[in-house]
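My entries follow in the order I made them.

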Amino acid sequence: MADFSPAAPLATPAPGPDDRWRQTHLGRLMGSALRRFDARVLQLMARNVEVPLALSNLAARDQVTAAHVHITRHLALQGDRLTDLAQRAGMTKQAMANLVDQCEAWGLVTREADPLDARARRVCFTPTGLAWLQAFRDAVAQAEAEFRAEVGHDVATVVAIGLEAYAGGETGV
């Protein structure tokens with residue numbers, strides 16, 4: 001029987017297995033890097049004088065999130081059906097519909113009749129949305145330049161080549 005009297009020494013737990021891997025595995029590092037990159041892109045967009053003031057203010061107040069960037073990244077210039085946009089972004093149709101609703105309210109996109117199917121609608125950039133897209137492009141270029149400056153040109157090149165090869169090799173597992 002164990003002695004729980006105050007005079008009994010406290011047992012120290014036996015050292016367990018090393019679990020630092022949970023903080024440093026490749027998936028976690030890529031996720032952290034993506035969050036940092038997206039946050040920097042949104043910060044740069046908030047400061048871009050070419051971005052309409054209302055959108056800049058939304059970005060500055062963290063109302064525009066990385067989720068909204070999915071539309072910026074994935075919407076084709078000629079427009080897309082919601083289902084195609086959601087699939088390309090790796091989101092459910094319902095989640096993408098909510099983002100499109102918000103972006104439509106902000107004047108970034110509009111829903112238009114699909115010329116190939118009268119029953120369908122296409123999500124298209126507005127002129128304001130195209131200005132937002134250009135600001136996104138500029139911010140991505142600056143964030144990439146900052147990444148290269150921080151880690152060095154050679155490391156940045158190897159990282160880009162490695163990520164490109166890895167992302168292109170999706171196996172559908």
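At roughly what angle do the axes of helix H5 and helix H6 cross, and within what distance do they come? I found that the axes of H5 (residues 82-89) and H6 (residues 93-105) cross at roughly 105° and come within 9 Å. Axes here are lines fitted to C-alpha atoms, for helices over the stretch in contact, and angles run from 0 to 180 degrees between N-to-C directions. Angles under 35 degrees count as roughly parallel, over 145 as roughly antiparallel, 65 to 115 as roughly perpendicular and the rest as oblique. H5 and H6 are therefore roughly perpendicular to each other. From H5, the contact is made by Leu82, Thr83, Leu85, Ala86 and Ala89, and from H6 by Lys93, Met96, Ala97 and Val100. Contact means heavy atoms within 4.5 Å. I sorted the residues of this contact by class and got 7 nonpolar, 1 polar and 1 charged. Ala, Val, Leu, Ile, Met, Phe, Trp, Tyr, Cys and Pro count as nonpolar, Asp, Glu, Lys and Arg as charged, and the others, Gly among them, as polar.

**Ground rules**

I noted that this is a predicted model, in which local features need pLDDT of at least 70 and side-chain atom pairs count only at pLDDT 80 or more, while totals for chains, interfaces and linings use all residues. Residues are numbered from 1 along each chain as its sequence is written, and side-chain values use heavy atoms, with hydrogens and water left out.

**Whole chain**

I read off 8 helices and 3 strands. Helices (H or I, at least four residues) and strands (E, at least two) are DSSP runs, numbered from the N terminus. Along the sequence the pattern is α-α-α-α-β-α-α-β-β-α-α. Of the 173 residues of the chain, 29% count as buried. Buried means under 20% relative accessible area, exposed over 50%, and partly exposed in between (1.4 Å probe, protein chains only). Among contacts with a separation of 6 or more, 51% join residues 24 or more positions apart.

**H7 and H8**

I turned next to helix H7 (residues 127-151) and helix H8 (residues 153-168), whose axes come within 6 Å and cross at roughly 120°. H7 and H8 are therefore oblique to each other. H7 brings Phe147, Arg148 and Val151 to the contact, and H8 brings His153, Val155, Ala156, Thr157 and Val159. By class I have 5 nonpolar, 2 polar and 1 charged residues in the contact of H7 with H8.

**Asp114**

Is Asp114 buried or exposed? Asp114 counts as buried, at 5% relative accessibility. I located Asp114 in strand E2 (residues 109-114). The Asp114 side chain reaches the backbone nitrogen of Leu116 at 2.8 Å. This is a polar contact (a pair of N or O atoms within 3.5 Å; within protein, one must be able to donate a hydrogen and the other to accept it, and residues adjacent in sequence count only if both atoms are side-chain atoms). Beyond neighbours within four places in sequence, Asp114 is in contact with Arg81, Ala120, Arg121 and Arg122.

**Thr126**

I found Thr126 in the loop between strand E3 (117-125) and H7. Thr126 counts as buried, at 15% relative accessibility. The side chain of Thr126 reaches the backbone oxygen of Gly107 at 2.4 Å and the backbone nitrogen of Gly129 at 2.9 Å. Setting aside neighbours within four places in sequence, I listed Gly107, Leu108, Val109 and Thr110 as contacts of Thr126.

**Val123**

Val123 lies in strand E3 and is buried, with a relative accessible area of 2%. Leaving out neighbours within four places in sequence, its contacts include Leu75, Leu82, Val100 and Val109. I also checked Val123 against Gln78: they are 45 residues apart in sequence and 8.9 Å apart in space, C-alpha to C-alpha.

**Helix H2**

I looked up two residues here. Leu42 is in helix H2 and is buried, with a relative accessible area of 10%. Arg47, in H2 (residues 26-47), is exposed, with a relative accessible area of 57%. The C-alpha atoms of Arg47 and Ala135 are separated by 9.8 Å, at 88 residues apart along the chain.
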